[in-house]
Amino acid sequence: MKEEQFRRWLQNAGYQDKVVQSRIANVRKIEETYPDLDSRIKDGTIANLMSAFTYNASDRKNNREPLHKIRIEGDKYNGTATYKSALSLYISFSHETEDSTSESKSSQDIETESEEPASAKDEIYKIKNFREWMCRIDGKSKGTAACYLSSLNYINERWKLTKNNNRILDAISGYLYEDNAVSALKLIDAIDEVITHKMTADEVSMADSKRLNDVRSAIRKYRQFLEEEMEDIPDEDEFDEADLETSLDAGDDMANAAASSTIVYPYSEIEKNFCFRLMTQNRMSNNKDIFYPIGIIRKLFRYSQRNARLVGLENDDYEWLKQWIKDYVSEIGVITSSGTYPLGQFPSLLVNPSDRSVAVVVNEATGTHCFVYTEREDANGTALPMTAENLKGIHIDHTPNMATVLSEQKDNLPALDTLSKRIRDVAKKYSINIKPRNFGKISKKLFDESELVENELLPLIPALKEELDLLKNKCELKLMQAKYNLAKK
């Protein structure tokens with residue numbers, strides 16, 4: 001066991017001295033029973049040892065003995081979870097130490113690449129991480145990843161903000177450096193919309209259209225990467241309240257024209273848009289007994305999957321949640337003149353810039369479409385046609401209100417009830433008011449409580465899955481015009 005290095009690693013990670021001492025003592029105890037942890041990690045057999053520290057609520061209920069051989073005085077469930085957490089941290093430390101050693105090899109041993117050497121700005125842009133994510137997680141080849149990076153560089157070379165003359169990636173890097181994810185993501189979305197509008201303009205050439213499509217693909221992939229890697233995605237209300245100057249200027253005038261024909265949003269793009277919106281719809285406030293903290297649930301599921309896979313264990317908790325969100329999006333109700341249908345039934349959505357009308361394509365082969373209405377009626381009780389300038393002008397609305405469903409179903413939501421109480425405890429401990437704009441602060445403090453996360457929150461995941469399914473069945477979603485949805489808040 002590399003005790004002193006592990007101690008420094010824990011301290012650098014921000015763990016309090018008491019926790020550092022406890023975790024070192026835990027790992028030391030494990031190694032007394034299972035010698036030479038470092039060799040086990042190196043040869044991959046550590047995964048077998050980790051499985052011995054699996055002890056669930058059913059095991060505790062039936063008073064089963066743990067699979068590991070460490071004697072525990074007191075609660076076997078909590079004790080086993082504590083040892084498992086400590087071992088997981090030590091494995092993470094070992095892998096990170098090995099990775100950093102590999103990265104310190106001399107430049108002649110490392111394959112040279114066409115991009116400029118890493119710099120401080122690259123760390124802010126997270127370009128190096130983006131490249132690795134594309135190749136290791138997203139399944140892209142090195143050549144494809146290089147093309148995406150080239151398109152991002154194209155944005156920074158030719159585009160800038162009209163307001164302050166900042167280059168696009170410089171502006172995004174500034175927001176990320178300031179931990180201002182809202183502004184970074186909104187700026188990326190603004191670039192996306194400008195490109196989408198320009199691509200529908202009649203005068204755009206085929207060559208320019210291809211270049212714009214490549215750039216848009218790159219900026220969307222970059223946004224996907226940030227979403228996946230971001231610890232805390234801001235709350236929906238933070239996005240709605242943020243006032244950001246996103247007027248763009250392009251040196252080659254490729255982004256200065258407005259759209260002159262209907263903008264087509266394929267279902268894949270619609271799905272990503274609304275999946276992200278659902279992931280940010282936290283329902284938390286001081287005057288509610290039970291919360292719907294979907295952002296914290298996302299972080300918990302992500303934490304569970306990554307930590308388990310890090311040590312070679314099968315875990316698809318985060319994949320399950322992402323699929324749950326996708327399924328919920330596909331069921332969103334779309335009000336049309338001929339009835340209400342699930343969003344997943346339509347191959348694409350259309351926005352007409354001239355009259356701002358919104359329609360869905362019914363038959364892609366024939367181009368048949370029907371107009372969309374919003375959940376708002378005029379004085380005669382007739383549904384109002386939906387209008388929007390782009391996809392961001394279309395929201396999703398819970399029916400009935402999520403807060404109402406939570407209150408009515410509280411007895412059937414014990415895991416969410418427990419999670420809500422822990423969130424409230426942490427907010428009280430650090431004197432943080434429970435409101436949307438403080439969501440990120442609360443989430444960070446909650447996950448700083450490592451023992452709470454490992455011993456109490458992670459075991460809630462199986463029950464949380466069942467409760468999320470229950471809420472999905474009790475609470476429908478429908479498309480709604482943005483201004484009417486915002487007026488409800």
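**A close look at the core**

A: The largest nonpolar core has 65 residues, and those with the most contacts inside it are Phe 274, Leu 300, Val 329, Leu 349, Ile 394 and Leu 479. A nonpolar core here is a set of buried Ala, Val, Leu, Ile, Met, Phe, Trp, Tyr and Cys residues joined through side-chain atoms within 4.5 Å; buried means under 20% relative accessible area, exposed over 50%, and partly exposed in between (1.4 Å probe, protein chains only). This is a predicted model, in which local features need pLDDT of at least 70 and side-chain atom pairs count only at pLDDT 80 or more, while totals for chains, interfaces and linings use all residues. Residues are numbered from 1 along each chain as its sequence is written, and side-chain values use heavy atoms, with hydrogens and water left out.

Leaving aside neighbours within four places in sequence, Leu 349 is in contact (heavy atoms within 4.5 Å) with residues including Ile 263, Tyr 265, Val 358, Val 360, Ile 394 and Leu 479. Another core, of 36 residues, lies apart from the largest one, and Ala 145, Leu 152, Ala 218 and Phe 239 are among its members.

Arg 356 lies in the loop between strand S6 (348–351) and strand S7 (358–363), where helices (H or I, at least four residues) and strands (E, at least two) are DSSP runs numbered from the N terminus. Its phi is near 65°, a positive value in a residue other than glycine, and Arg 356 counts as partly exposed because its relative accessibility is 33%. Pro 400 lies in the loop between strand S10 (394–399) and helix H17 (402–408), and the peptide bond leading from Thr 399 to Pro 400 is cis, with omega near -5°.
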